2 protein chains.
Amino acid sequence: MPPDLTAVRNYLLSLQDSICSGLEQIDGQGRFQEDAWTRPEGGGGRSRVMSEGAVFEKAGVGFSHVSGSTLPPSATASRPELAGKPFHALGVSLVIHPRNPYVPTSHMNVRFFLAGNPEPAGPSTPVWWFGGGFDLTPYYGFEEDAVHWHRTAQAATGEHYPHFKKWCDDYFYLKHRSEPRGIGGVFFDDFNAPGFPASFDLMRSVGDAFLPAYLPIVGRRKGLAHGQRERDFQLYRRGRYVEFNLVWDRGTHFGLQSGGRTESILMSLPPLVAWRYDWKPEPGSPEARLHDVFLKPREWVQG
Amino acid sequence: MPPDLTAVRNYLLSLQDSICSGLEQIDGQGRFQEDAWTRPEGGGGRSRVMSEGAVFEKAGVGFSHVSGSTLPPSATASRPELAGKPFHALGVSLVIHPRNPYVPTSHMNVRFFLAGNPEPAGPSTPVWWFGGGFDLTPYYGFEEDAVHWHRTAQAATGEHYPHFKKWCDDYFYLKHRSEPRGIGGVFFDDFNAPGFPASFDLMRSVGDAFLPAYLPIVGRRKGLAHGQRERDFQLYRRGRYVEFNLVWDRGTHFGLQSGGRTESILMSLPPLVAWRYDWKPEPGSPEARLHDVFLKPREWVQG
């Protein structure tokens, strides 16, 4: 069965809709503003941002469908046979920065890539794959939340969970800090082995699992009382998020390099961030507990 | 004349001292705290940071002398003949984030690199070069300040000024924003053509010119009244600084990749930073003037 670009596109558009709607509902006050944009070389997207909501200080949920007649070299370094071919890259990507430091930051992305001739009767076989995943970045950890997050990820990815969970731990890692970005989740890429329908099913399963994974955690933590100390720690830890996205994240680099829309790519950055030179939490404090207990690759659910 | 490693090291240590002392004097309140550190693979440094001064919200002035028996591959991509040789990399690097949005952020770096056998009678000729420069990043521009900055840079670099000025404009450029980081200054690298004594003189001249270039500007602007609007713009523009340093700056990348001391490398990051999605200043406003008038490569002095 040939890849169905239209079906993937329609799913991604509806996923963006349902996620924005779910986030607006739990926020109760904030609304997403949409920017539709086009790319001179082909394609475009719709970026949606909620700013200064009651629960979400900033949330960005972007859909993009970038296409072109010629793949840029940066995209084909590991697959030189694709150089110069027409391509489509579609995805939904989101990052949510909550206001309350007890609510974790979360990220989700699902994507589809297609290069070559998409027609079954065309002169060459198309090359395609899916990718995606979601990961969670708490400021103050709760075991109950981590277990729920990973159980939902496990249910969404089934037999692939152990592999995708490790992939996530490996990918969202700050090498210059020797530190994971958060408690992980699942991550996959280059996925096409079971054929198009089953691969598309897997991506849908991950996309559909995001709200059930995240909203219960938001619900439990959004009302917890906190003060300046917790806010300061949140702003400080957000610095790690910026460092990861700008230094290590391949999607960000590819986007900035390939002439993607800068404001859409960088809408993942937190609204307010602090860097403090050589700061360390007091041993035994709740802030130290994040690093000591949660920022370790760990099996949160039984395989 | 062979390169004199000890003389360069001594100069750099004294430059760090004099710059810290000059900054403390104009601040009047803040004091630098020093961290001495060593690197398991060889060398070390002394990082000095002023936090929450009266004038400087954060200032980092670092000296480092990294050495090793084997050059890492990342350092020799363009010079494969150096791979595996012993090396020394020395420098003073600083970034200053003032509190008052009318005082520009500034950066200066001078450095020396030496690979191979430093002994004149040794079996192979050593390879060495100097690099450095300084650049200015205003939030609200003043022509008088820009002219003073570039006149001082011109006096320090003489005949090299036009070339080094352009090099600075080219280097401190955010490609993903199509925007310069600031009003530039001078930048040079791989400098050894006139021989060691004259090359060392040039680096000294640049290092010694930093305080005379920057302090008069600080003096003129540090007392200007400002409010939340100017503070918000400063926090927003600091985001560009983070983007440049983490996405484009080769020194930062090399440092993070080569196992440099992360806190020393990232002490250039601003203490507090804001990102606002797709924000644009009102046309004709003082904030728009920064972009329209100052963030253009421009000849600030006559050659």
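1. A:Asp145 is buried, at 4% relative accessibility (buried means under 20% relative accessible area, exposed over 50%, partly exposed in between, with a 1.4 Å probe and protein chains only). The side chain of A:Asp145 meets that of A:Arg221 in a salt bridge, 2.8 Å from N to O (a side-chain nitrogen of Lys or Arg within 4 Å of a carboxyl oxygen of Asp or Glu). A:Arg221 lies in helix 4 of chain A and A:Asp145 in helix 2 of chain A, so the pair ties together parts 76 residues apart in sequence. A:Arg221 is also buried, with a relative accessible area of 8%.

2. The model is predicted: local features need pLDDT of at least 70 and side-chain atom pairs 80 or more, while totals for chains, interfaces and linings use all residues. Residues are numbered from 1 along each chain as its sequence is written, chains are lettered from A and ligands numbered from 1 in the order written, and side-chain values use heavy atoms, without hydrogens and water.

3. A:Asp189 forms a salt bridge with A:Arg111, with the closest N and O atoms 3.7 Å apart. A:Asp189 lies in strand 9 and A:Arg111 in strand 5 of chain A, so this pair joins parts 78 residues apart in sequence (helices, H or I of at least four residues, and strands, E of at least two, are DSSP runs numbered from the N terminus). A:Arg111 is partly exposed, at 22%.

4. In chain B, the side chains of B:Glu52 and B:Arg99 meet in a salt bridge of 2.9 Å, N to O. B:Arg99 is partly exposed, at 29% relative accessibility.

5. A:Asp17, A:Glu34, A:Arg46 and A:Arg48 are linked in a salt-bridge network. Over all chains the count is 52 salt bridges.
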